[in-house]
Each structure stands twice: as structure tokens, then as C-alpha cells.
Amino acid sequence: MTIKYFQKGFNYSQDGPGNRLVYHLHGCNMKCPWCSNPEGMKADAAYPAFPITQVTVEDMLSEIISCKPMFFDGGGVTLTGGEVTLQADAVRELLKRLKDEGINTAIETNAMSPALPTLFPFLDHLIMDVKSADEDKLLSVAGGVLYPILKNLKAAVDAKLDILVHVPLINGFNADEDATDKLLQALLPFKDDIRIEFLAYHEYGKDKWKQCGLVYAMENANISTECYKKTVSKFKAAGFTAVRT
Amino acid sequence: MAINHQKTTEMAKELFREERSLMRLDGWFLSKEIGMKYEHETEGMSKMRRTAYLLKKIAAELPISISDNAVFAGTQRDAFARSYALINPAFRVETFSGYCDPTAVFGDIEPNEDITQERLDTVKAHDKETDYIKELTKVYDAAENYTKEVAFFVEQVTGHVIPDMRHALKVGVNEMKREIEANMQKTDDAERIDAYKAMLDSLDAVIIFAARYREIALEKAVGDKAEQFNRLADALARVPAEGARNLFEAIQSFILMWQVMCLEQAPNPFAFSVGNADRIFEPYRAMDNLSREDAAALFKHLLVFYNVADRSWAISQNLIVGGKDTEGNDLTNLCSYALLDAYYDMNLPQPILSVKLHKNTPDKLYEELGRFFFTPGCLTPSLFNDDSVFEVLRNAGVAECDLADYSIAGCQEPLIMGKDNANTTNSWLNLGKILELTLSDGVSTITGDRILPATGDDAITILKNLRERFYANCQFIIKEMTKSANGASRALSNLPVPFLSTLMGGIQSGYDMRDPVHQGTPYNGSGCLIHGLSIVADSFIAVDTLLEERPEDAERLIKALANDFAGDDELHEYLLGCKKYGNNIAVVDDEAAEVASKVADMVAAEKNYLGNPFRPDFSSPSTHLTYGYWVGALPDGRKAREMMNYGVDPLFGDAHQGLGFRVLSSFKLPYIKMNGGFASHFGIDPNYFTGATYEEKGIEFKNKVMRQFFFNPLNDKLAPFYLYVNVTTPEMLRKVLANPKKYAPSGVYIMRIHGTFVNFLDLSPAIQQDIIKRLDLKSTTLEC
Ligand code: SF4
């Protein structure tokens, strides 16, 4: 079994606790126009500037084991994307082996795949996006479907996972009052079981879109600090634990 | 004492501008001329007495002045020449020559109507006839076969120690003299009595300077300058003769002591270092409870003192803050932060700033460091890991009570302040050249000259026995090198340093610090800077790979190396594709660890002129570039004349997995054996740090970089203890070069090269390009 990834590296306390080795797995089942990793979006596309690495689960595992001294402060491995669940079988195998090795595991996912819960037994941390609770917008703008996302969230809560919900805040997509109200309502049943983090829109991926020969279509998407603060306050007032990692 | 910190700061900035407008440095020459003038009066004196006697004459006659913008009196201008190659725009890597002419410095002065060629020639001719130059020339001549293409290099080490000024500041020179007299009474050893007399005389030199400066101050103390210069005159009436009573007097005392110390070794005693300035000065700041702002304002003038003329020619003088004691208590104090404020506001090319860290360093220090790392063009401190350095020094025999007093002389060499004459840059070993000669059976592939004896063996025999032969050649070269290095140290002992000796344990020992027979300082050693670690390890692995996968190409490899891969791109590509150090690949990382360990052991087994071990120091202060120019193609795929790897770092471009992987490789090296020091550099892209303020970014820097490299709790080996960083991108630096007016309006854009920092705009083009290349951002990527 092999895994394809397009980027890896260490980070501290950003994609899970402590110092973590983060792999970006290739391919995604959504198509967010703000994606900061467009090179990893299309499973069937490859761009010369961004080589894809394909390794066996076994080799990836040895690489991770050789990095053990780097997993300090509760760190470990985070698999992100692209979308992790597109390679669910290999990922499950890897996560299982990592747990056998006593290595802390996290994934970051758009949470749309029905395969997601099969990974739960091998996860210490789940970071999942809920980009919008507006079904139409989610589908038309990002190609996402709300129902399975919320279903997976429920399953994760039932499985008593440590859950961090990521919400990118994007002007014109999900940052207005109505949209955030809707999101709040959708997540309200889970408020005691999750932490939530709002991520203000940024243009980090813009250059990469160009390098891939793709058109970056985002315009006027920045949100004000005020809007950010207001949204966070609203969720806090409703009893959510809002964090910033 | 009332300090107008704003006014004092403005004056410091003006003083720096004045200094940078100085295009000539003639003082060292004038001091030599004065010495020559009075030499006839020293007939019959020992060399040490003569030095002290002439030092007094120099103190009495050297032209001096005080700027209107100076709050303190004193300069080190008269000790330095316009020599240091790397900040000379005319410097080219190709012009570096291993062979050394000790009188070349006379070429650094442009003759004019006053200082004529004739005057220069007279002093130069006189110098050439001194025992020092004659002996040194003999040493260089004897080593020429090895030094001409830099299999090794040796030098006599001036500067490069850390005087302990604390006692002088506290009790004053008069009391030091009484101590010397008392010790003199206790001995009937004529040699020591003579040395003590020399020390007494030499201390008078600083008193003479103080009196002369005081006279000038009194003359200048009129009108709106009265307060400024009366204060100065008052201080000079007190210090350095007596102990300092406040920060102002302490800094004044320190400056004059420093001036004489440098002058005694003119020209070019590079890399004298201050030590923990925060610990030195805090007691005096506390005496009149000076605020952080006021203390910073005075420190700004101290910092300007370290900048000499148009390019800040007195390079590598190091000032340290922070650190811990042996109990693990943090020793940061208010002066630590005041000094940081002074550094940040002034942003001068010298002196180098170092910060000692340990696992309990308060977050406040990291927060305050954030502004240095994340302001473009701002100086950045080099960083030391006390937790590891203490272990390394302990292991090397340093007494427990001295550990907290380690400081950095020059770039990265840890020595005990006031106690350690380490001759840090005494010898320079080029592993790259030795490997080239091993592969070519002793003939330089650069010049075709035979340097080592031939064995006559065929390619496959050479390759199969490569390690064994390489280490045998290392052994041979190291023996030759240390012989020459000791010769250079003995030659230097013809120039005793009685004044400095009083700050280095001489008052207790009764010997000159450079005495070649008796040890004048509590600790003594000689340094060996070892070059080319990772390229040698990579080459061994490449040869192993080739012998395993395509042994039929053994001869082809040797030929390709001799031809610098001309016409054999296929083999070149193959070799470049072999495993490289710096990517957390066990086989090659372990090889690097073994090369480091074996070579360090060989070096440390050699004894210096006093019978003390040589100290392995894996650093290459831009010599990876200049020495690399003399190294032929190697099996790792590095082409002839290209730079070697820097310090213990991977060769640029070879580590491409990112920071964590590179750090994991680095953990495997035997730092415990690197008691002379080592060098490592990270070029880091500032975009990985997203904190909203400098303080937040400082903490991010701690978490993302320093925690993993220095204080990783899961690293079960001794952690690395030195790092310097440049937080920038090649694009940014290219912009600065293309449009300095826009990106560096002050004309100063500080970067670090090896342990020192320099004004990027002052550098020679070759070094500018080296810096851009070696940012090597692929080796330090982080996730974001
Ligand atoms: S779900 Fe994530 S990886 Fe996939 S397109 Fe959207 S932002 Fe990119």
C-alpha cells in the first residue's frame, strides 16, 4: 500500500499539539477557490514545480519513527491535504501502525468522506473543517456537501475524540451575519464537545495557483479584524470554546 | 547621575557617523614608529619590559582627540588597519593565498604627503628584522608545501581572548599595581620579577592616556559643552586609576583599558571580546539605580567605540548577554535588556552580539529578541546553549566555578573570561583538500603539484581503502600543521603583552600570557578550525554507493575528479544523487558523526607549545569559500574550486527536506568533542512566523527553532550549542543590492556571515553572493 503526498515539514503547535511532522496528502474531493495548496487539489493532476512523492506505508512509517526526537511537547504526526480520506485505506494502516509505535496522531480533513469514521480509532486529534452551513453556497463555491460533514462530526463526538473545528472566514462566502448565525445554529448541538478556531482569509496560496497555471479567482475576500472579533465573540457568547493556535 | 538619554542617543548616532567618515587608519603605524624611535632606550631590557616601556611612550605621544559628540574618551582606531579582506570591496576569492606575509599590513596604508612611502618602508624594513617576523617567516617558509593550497594553514593569534575587566573596574589600576608589587615581594624568581615590573609599567600607560584625555576634556569644557566635558574630566580624574562608582565611570574605565589592550597588539588584534557585559556593568548601574533607558543611552556610546572607521574594521569583537549559573539560575538582568535596547536602536556593524540561552531562559528574553530577528536589515544575535556549553567545558577540564564565566571570543569559540589563552585560530585544517589528495594519490588536481607522497596504487585500491588512507593522511597533515602552529605561537611570544596579562591571570602567575615555556593563564590551548566535514562524509557514501552499484566505474571516477567532471555529466549526476548529510538519513549522518569524531580525536591528541591539547573547532569563518577555491572536485559531486560546506552544516542545496530533518541529522554529531567550538547557520524565511508583534514572533522563534535545536527534551544526546541565523529571503537581499537607497536608507543593512556581523553593503561581491546562496532556505522549511 502506498501514500502520495506533495509536501511535508515540521510545525509547532499549529496542526495539533506540540512539535509535529505534517504530511500533505495528494488529491481532494472539494475545490475551494481559496485553497492554499492548489498543487495538491486534483488527484489526477501533477505540476512540475510541485513533485509528488509516493511511498509505501512501511517507508513512511520508518521515516516517521526516525523523527521521534522531534515530537516533543506532546507532538507527533499530522496528516492533512489535500484530503486525507481520499487515501483512507493506506492512511488507516499508517495511523494504526503509528499508534502501535506510541506516536501521537492527528488528521486535518474537510470531513466530507463517509470513510472518515473508520480512521477514528487511531486518532488522538481530529481537526475538521466546517466551511459553511449554507448548503447551496458550500456546494456551488467549494463543491462541498454539508450533510455528511455534520454526520461525521456527530460520529466524532460520539467517539469522544478531541475535536477542533476549523472555519475559514472569507468575505463574500461565510463571514456575514446570516452565514455565521447559520453556522452557529448548525454547530450548537456540539458546542460542549468541540473547540472552534476561525481562520481569517489569507492569500498564501495565490502564487502557487499561478505556478500551477491555474486562475486564482478570489477577490475582496479579506475580512476585517472587527468582523473576526465579532464572530468569535458571538460563538463565545453562545457557549463555544473558541481558540487560536 | 542625571543622563539626558535622548540627547545622549543623538550624540552616539552622530559619533558613529563621524567614525564612518574616517577613511584612513594610520594610528597603528604611528604607534610602531614611536616604538621604533625609542627602541634605543630599551637596550638590555627583556622583551616584556621593552614592550611595557614603549607602550608608555606610545601612550604619551600618540595623537589623541575627543569628539564634541563623545560622552566618553577613548578609541581603538589606533590598533587597526584597513585589512580585513571580507569587508574590502576589492576582495576576490581567487586572490586569497594560503601563504602569509606578516608585513603585508604595511600595504594597507595609502602613502600621502605626511605618511610617505619612505616612512612606511623604514618601519617595514625595521619590522622585517625583528625576531618575531624572522621566526614567523621561517615557520611559513617551512610549511609552504602544505599551505600554498591550504591543506592546512596556521597563524599567530593576536586578540581572540576575553580579558576579565571586572577586577580593574572594581578596584582600579592603582590597586592592581599594589597587588603586583605584593606578589613581586613573594618571589625571588628573577624572570617573574621582571615580568611583574613590565606589568607595572604597562599599567602606567592607561594612566597616561587618562591624564591626557582629561586635559583635552577640561579644554573643551566651555559654554554649552561645560557640563558634558566636566563630567568626563571628573570621571577621568577617578578612573581607571581607582574603582568605578557608577555606570558612567565603569564604562569610561572599561574603554580606556580596552584601548591600551588593543594598542599593545597593534595592528589588528581581531576578536578581543567583552564577555557578559550585562554582568560586568550591572553592579555599577545599580549603584545609582540608573533606568533602563539611561543605561541604554550610555551603552550606545560603548557600542560606537567598537566601530572603527569607514567599514568598522575592528571585526569580531563579541559582547554577550544572558546565561545561567551552575545552579541553573538565570542571570539576565536590567543591563541585559538595556544593552539589547542600545543594540537595536543603533544597529551598528560591530560589536557582535551574542545571547546565552538555557532551558530556563525567561520568555521575556525571547520576546525582546523578536525585534532583532524580524526587522529586515537589523543585526541578529548569535545564540549559545549554556546547558551544552557547560558540559563541553566541564568535559574539557574547566573548573566548576569558572563555567558561568565562559564567554565567546570572536565568532563562536567558548573560553573562560580572563583565564583562557586559547590561541583559537592558530591552525586551520582542510579535510576537503586532504580527501582530494587521497583520491589523487597525493597530487593536487588544482595545480598538478605533488603535495603528498605517491603510493602508485590503482583506482579501485584507492577507493576501496579510501577511509583508511584518508585518516592516515589526516594524521600526517595534522602533525605537520600542529608543528607549524606551535612555531607560529612561539614566534608570537617575541611580542609579549604585559598589559593584557594583568587582565588574564598574569598578576597571579607572574608570567606573560604569551610565555612559550611557563603558562601565564589558568587555561591554555590552541585552536584548530576543521573544514569540510559534510562534503567528506557525503563523498565516502558516494564512493561506497558507486563501488556497490557500479564498481567497474572506479577508474572513471578518479579520472572524472581529476578533470572536474568535464565530459562526464552522467557520473556527475549520479554522484549528486547519492545520499547526503542533512536529511536525517542514518547512513550518511552516522558517517559525518564518525568523521567528526575521528578527526576531533586526532586534533585533540596533539599538544601545543605548552603541552596542552589542541581544541577541535568545526567552524569555517568564510574560509569554506577561500579554502574551497583550492580544493578539487570530490566524489559527492562538488566541483573543483567551489565552496565547501560551512562549519558543521550540510553543503548548501544538499539538505532539502526541511528544518526538522536537518536538525535531526545535526543531533548525531559529537558536540562534546568540539571544545574549540563549531559553526552552524540557518537562513530562515520570515514568512513562517505569523505573530502580530515582535514579542509574539520572538516566542514563535523560540518554539519553532530554538526548542527543537537547543532544548529538545527528546534529544538524548548532547545538544548543539551554537547557532546564528539570517531571517530573510534571497529575493529580499537582491532587492537590497539593487536598490540600497530604498531598502537600506541608512547605508547599513546588517547580515551575519559566520559568527560576526557585517554591513551587507560593505561586503565584497563574492561574499554578498555567498550569503545569498547559503541562505539555503530549502534546508530550513517549516510547515505553515
Ligand atoms: S478542502 Fe482544503 S485542500 Fe481541499 S480544496 Fe478545500 S481548502 Fe483545498
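Let's start at a strand pair in chain B of this predicted model: Ala409(B) sits opposite Glu413(B) in S7(B). The two strands involved, S6(B) and S7(B), are antiparallel and share four bridges. Three residues separate them in a hairpin, and Gly410(B) in the turn takes a positive phi of about 75°.

Which way do the residues of S6(B) point? Tyr406(B) and Ile408(B) go one way, Ser407(B) and Ala409(B) the other, and all are buried.

Next, the open sheet. Chain B has one with five strands in the order S1-S9-S11-S12-S13, and its pairing is mixed. S1 and S13 of chain B are the edge strands, each pairing on one side only. S1(B) runs antiparallel to S9(B), with three bridges joining them; Phe153(B) has Trp428(B) in S9(B) as its bridge partner. Helix H18 of chain B lies across S1, S9, S11 and S12, at about 15° to S1(B).

| S1(B) | 152-154 |
| S9(B) | 427-430 |
| S11(B) | 526-531 |
| S12(B) | 614-618 |
| S13(B) | 677-678 |

Finally, helix H23 (residues 569-576) of chain B has Leu571(B), His572(B), Tyr574(B) and Leu575(B) buried. Those residues lie on the same side of H23(B) because they cover an arc of only 160° around the axis. Asp569(B) and Glu573(B), on the other side, are exposed. What do the buried residues of H23(B) pack against? Their partners are helix H21 (533-549) and helix H22 (554-562) of chain B.

How values were computed:
Residues numbered from 1 in each chain as written. Chains lettered and ligands numbered in written order. Predicted model: local features only at pLDDT ≥ 70, side-chain atom pairs only at ≥ 80, totals over all residues. Heavy atoms only, no water. Pairing = 2+ DSSP bridges. Contact = heavy atoms within 4.5 Å. Axes fitted to C-alpha atoms, helices over the stretch in contact; angles between N-to-C directions. Buried < 20%, exposed > 50% of the residue type's maximum accessible area, 1.4 Å probe, protein only. Arc of directions from axis to C-beta.
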